Amino acid sequence: VPADYLELMIYASRLPELSAVERQKCLQVAKKVADNRLIYGLIDPLDGGAFIGKQGMTDALPVFTKTLRTQAMSMRALYKLYQTTRDETYRNAADSIFSYTQKHHLMENGSYALGISYLPENPQDQPCLFANDEIKAALSPEEYELARQAYELRSLGNVPLIDDPKKVYFKKNSLTWKLSLAELSKRTGMGRAPLTKSLENITTKLSALRSQKPVQPIIEKLSTASATALYSSACTSGYRATGEASYLEAAKKTLSQIRDQFVGENGTLHRARYNDNLLDIPAKGIDYTRVCQAALDLHEATLDPAWLDFAYSMHKQMLERLGILETGIIKEHDGTGYPKDYNVCSYYTTNALNNDNTCALAQSNARRLAMRLGDTSLSQHAEKLGAVMDQTARISPIAAMDYLSLESAARSQIVYIKLPASEPMLATARKELC
């Protein structure tokens with residue numbers, strides 16, 4: 001799921017240094033990525049959750065795993081795109097991911113499961129794929145004809161040979177949208193409202209069909225601080241984009257759960273909980289940076305000083321445990337809690353488009369903290385990390401994307417005004433950069 005790239009294009013569409021034509025091109029790229037890779041690609045139409053990626057060359061055959069991290073990143077990017085375009089398509093997609101996550105990943109203790117996977121021993125038993133005949137049997141003739149066009153169902157299966165050269169998914173159909181609502185409405189002659197209603201009935205029936213299959217999903221009941229914090233940030237983005245308090249409450253509840261249940265008696269942030277037990281492994285660099293980022297997001301949305309204090313404490317604790325004073329680089333971990341010494345400095349990786357870049361996050365967090373606090377060491381640390389990331393970005397395109405997107409977030413001049421507000425204040429906000 002190319003959520004980081006999508007966010008970078010959204011930020012680029014707001015840059016005053018670019019011309020109006022260039023900004024519009026960036027926004028069009030963002031919309032195309034969201035349409036082709038998420039809405040008509042990796043978002044499961046049956047439950048609204050996003051798969052983590054694709055198995056082959058096309059999006060017709062996803063990797064049948066849904067992680068909390070993927071839901072959070074996809075949801076956050078889609079809400080930001082909705083905020084920029086006001087296109088309800090993107091809000092509906094983000095809302096579907098939010099609903100899926102609250103229903104399937106939220107556990108009884110208030111934490112969020114790390115992931116859910118469909119892993120049958122025989123590929124033909126994959127519950128996310130359907131034979132044409134079983135879909136026909138589950139739907140009315142009218143519904144089947146609509147589903148056939150929406151998903152391009154075929155009797156021999158719709159998984160392209162390039163994705164399945166050994167034909168292990170022969171005669172199986174994946175349910176990814178092949179037509180937009182507008183195109184489907186044009187082909188069927190149905191209005192948008194009745195078409196939406198019919199598609200909802202279809203997905204309800206097919207979702208029930210999948211739930212009755214013998215292979216059931218495996219739920220990883222592990223919760224990590226970084227993924228949970230990322231989900232809190234995504235909920236805050238939902239609140240900023242829509243103004244609905246339910247997203248803000250979810251963000252606060254999620255981050256409060258980290259503050260209350262992931263911090264040990266000595267005040268140290270821990271990496272994970274499993275089966276409602278705090279694991280005796282201290283947080284990694286990415287955990288600290290994601291938690292700090294989520295707390296800063298909440299502080300900006302609420303102006304509650306408690307979240308700013310929490311963000312500052314996490315940043316300081318990270319520097320004390322994992323910071324290298326001379327360069328400012330953050331080690332991922334110091335080996336504590338592992339069976340042998342494992343002192344590795346791995347602050348960025350390049351194996352995925354959605355990269356966790358600890359140094360880029362730490363640099364962005366330091367800049368944001370420095371704007372609100374009088375601690376001069378924050379600006380100094382941000383400058384050191386900026387120099388490191390500038391060199392790294394010249395070597396790795398993935399690292400460049402991480403650095404630029406997070407730097408754009410740190411420099412963002414968007415102001416959120418809670419309505420109702422006085423007309424003079426609104427006039428000033430429209431006219432002046434704050």
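Three strands make an open, antiparallel sheet in the order 6-7-8. Strand 6 (222-224) and strand 8 (277-278) are the edges, each with a single partner strand, so one side of each has no neighbour in the sheet. Strand 7 (residues 272-274) pairs with strand 8 over two bridges. There, Arg-273 stands opposite Leu-278. Strands are DSSP runs of E, at least two residues, and helices runs of H or I, at least four, numbered from the N terminus; two strands pair if DSSP finds at least two bridges between them.

This is a predicted model: local features need pLDDT of at least 70 and side-chain atom pairs 80 or more, while totals for chains, interfaces and linings use all residues. Numbering starts from 1 along each chain, and side-chain values use heavy atoms, without hydrogens and water.

The structure holds six aromatic pairs (ring centres within 6.5 Å; planes under 30 degrees apart are stacked, over 60 edge-to-face, the rest tilted; Trp counts by its six-membered ring). Tyr-151 and Trp-177 form a tilted one, 4.9 Å centre to centre with 35° between the planes. The two residues are 26 apart in the chain: Tyr-151 is in helix 6 (residues 141-151), Trp-177 in the loop between strand 4 (173-174) and helix 7 (181-188). Tyr-79, Phe-98 and Tyr-247 form one aromatic cluster.

Charges also meet rings (NZ of Lys or CZ of Arg within 6 Å of the ring centre and within 35 degrees of the ring normal). Arg-86 lies over the face of Tyr-82, 4.3 Å from the ring centre. Lys-213 puts its charged end over Phe-130, 4.0 Å from the centre of the ring.
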